[in-house]
Amino acid sequence: MTPVQLVFWLVAFPGNALTFYLSLSWPSVGTVTLFIATLLYSLLGLYDLFYSPHTLNRLYPVLAYIRYMFESIRPEIQQYFVANNMEEKPFNREQRELVYRRAKGVNDTLPFGTQQDLMQVNYLSIWHSLHPQVVQESTKRIQFGSSQCRQPYSSSLLNISAMSYGALSPNAIEALNAGAKAGGFSHNTGEGGVSPYHLKHGGDLVWQIGSGLFGCRNEQGRFDEDKFKTVANLNSIKMIEIKLSQGAKPGHGGVLPKAKITDEIAAIRGISQGQDCVSPAMNPECPTPLALMEFVAKLRNLSGGKPIGIKLCIGHPAEFLSICKAMLSSGTLLDFITVDGAEGGTGAAPVEFSNRLGMMCLEGTYIVHEALIGCGLKDEIRIIAAGKTASSFDMLAKMAVGADTVNAARTMMMALGCIQSRSCNTNHCPTGIATQDPKRSKALDVQAKSKRVTQFHHNTLHSLYELIGSMGLDDPALLTPAMLKRRTSEGLLESAPNIVPALEPQQLVENHASGIWQQWWHMADEQLFYVADKEKLHNTAIPVINV
């Protein structure tokens, strides 16, 4: 018998008898309350001892609930009272505070010096110039659209990454889109389809089509050309993105818990409400690289020639080269490629998938950029980098390794008021953002929060232009990987290493590549995505260039 069990039996019998006697002999609010308290304690303890499925409750009746209580509030205690400014994940307090301040339009400067460990191994920085420049206005937007595109789109350098209606509340979607409209940037719909809340404020949209084909599927779950054409030709739809995989869970389908599926979401997606909405891991229209190119050509034709791209998290580089080979052999070009990093995370995912799969954004973006150069395709195709962007330096690093523009998701949520409670998959988001509970979502003020989204975008880009100018550059396109400086284990600064070498234009297609690129190129097959990772490759290390 544990000491807690002994205390329980003492309270249950002599304790209840004593308090009952006191309440009868000297009736008062105090004695009656004491009797009721001991009686409830006894009833709860009896349940714990004889019926509870938890060992802790059986050994420590009633007292075990105190542990559960503290366990439930541990994240809040950790966040507000224990962690310092640099400790928390995925976004530390300094990063969150920067987003909040820029969203509110208040002072975002740092007093009394940095709290970062500048000597930390792999710490990234840049070198400034004694001849700073002003970034040219003409370089502050990027045009999307290959030679096969008939409706090119002029894009901001920073845009809202994919977050679906269903994952986010109606008011959150409205605020994001209204903010995009006011700020002149685009809003990716996520794979959940185009909802009325995406369209209400008229902001530019990138319609993402995932493996569930939501918004353009028939009753059998296959692609419906008529439904797609109706939505794709809306004026608000500026580009269309086919999602092959995402950084939060590459190789895994999307999941929307049934608790978050309302009548409206079911109608928009074309799904039932009685079960979790699970998207397959592979897009049924794109089982091979060549089939993907056929689907791209079909979407381009049905949409009237709007830019068509893909989103993926890079795994084996040879599989991406298979897509490049498919473009070359079919003659069909992508207009853009969104590279999601393994550090991405708006989608709830199995722990192992979040922690162990996929390349990080900087590494994946570098691979994609060099592959497109080696295939002679980079001039036609734009690269979007998505994955943990809180500051202008995060943007700069992604652009230095090859991105033309950058997408942000979680920090746009923070601009709306997200406090990183990490309850996105519970429908109990405390800020009304990642929930379908109308009582919670209605608390989010669309007008006020949309202004914060616009201000975060504007102030982050303003900082980016200042940062690029401080390097002596007047055009973001002049950034190169060598401009990122990495702290070595010896304490020295060196250019971020390109263990995977840079390629010259057409070097792959002309069979002039050597080493690891040559091996990857020979393994790639436009007829098949899968590449067996069996052959021992020399010098396969990917450069560690984490922010």
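Analyst: Start with the words for angles: under 35 degrees counts as roughly parallel, over 145 as roughly antiparallel, 65 to 115 as roughly perpendicular, and the rest as oblique. The axes are lines fitted to C-alpha atoms, for helices over the stretch in contact, and angles run from 0 to 180 degrees between N-to-C directions. Helices (H or I, at least four residues) and strands (E, at least two) are DSSP runs, numbered from the N terminus.

This is a predicted model, where local features need pLDDT of at least 70 and side-chain atom pairs count only at pLDDT 80 or more, while totals for chains, interfaces and linings use all residues. Residues are numbered from 1 along each chain as its sequence is written, and side-chain values use heavy atoms, with hydrogens and water left out.

Now the pair itself. Helix H6 covers residues 93-104, and helix H18 covers residues 446-470. Their axes come within 6 Å and cross at roughly 110 degrees. H6 and H18 are therefore roughly perpendicular to each other. Which residues make the contact? Contact means heavy atoms within 4.5 Å. From H6 come Val99, Arg102, Ala103 and Lys104. From H18 come Arg452, Gln455, Phe456, Asn459, Thr460 and Ser463. Sort them by class: three are nonpolar, four polar and three charged. Here Ala, Val, Leu, Ile, Met, Phe, Trp, Tyr, Cys and Pro count as nonpolar, Asp, Glu, Lys and Arg as charged, and the others, Gly among them, as polar.

Pro90 sits in the loop between H5 and H6. The peptide bond from Lys89 to Pro90 is cis, with omega near 0 degrees. Helix H4 (residues 64-72) and helix H5 (residues 74-82) have axes 4 Å apart, at an angle of about 50 degrees. That makes H4 oblique to H5. Phe70, Glu71 and Ser72 of H4 meet Arg74, Pro75 and Glu76 of H5. This contact has two nonpolar, one polar and three charged residues.

What about the wider chain? The domain assignment, automatic or from a database, gives domain 1 (3-76) and domain 2 (124-495). Their C-alpha centres lie 53 Å apart. An unreviewed UniProt entry annotates residues 6-24 and 31-51 as "transmembrane region". Residues 6-24 are 100% helix and 0% strand, and their end C-alpha atoms lie 26 Å apart. Residues 31-51 are 95% helix and 0% strand, with end C-alpha atoms 30 Å apart.

Finally, a sheet. Three strands form an open sheet in the order S1-S14-S15, with antiparallel pairing. Two strands pair if DSSP finds at least two bridges between them. The edge strands are S1 (124-126) and S15 (493-495), and each pairs on one side only. The twist averages 40 degrees from one strand to the next. Strand S14 (residues 484-487) pairs with S15 over three bridges. Lys485 has Ser495 in S15 as its bridge partner.

Definitions and conventions: UniProt positions renumbered as here; feature names shortened; annotations may be inferred.
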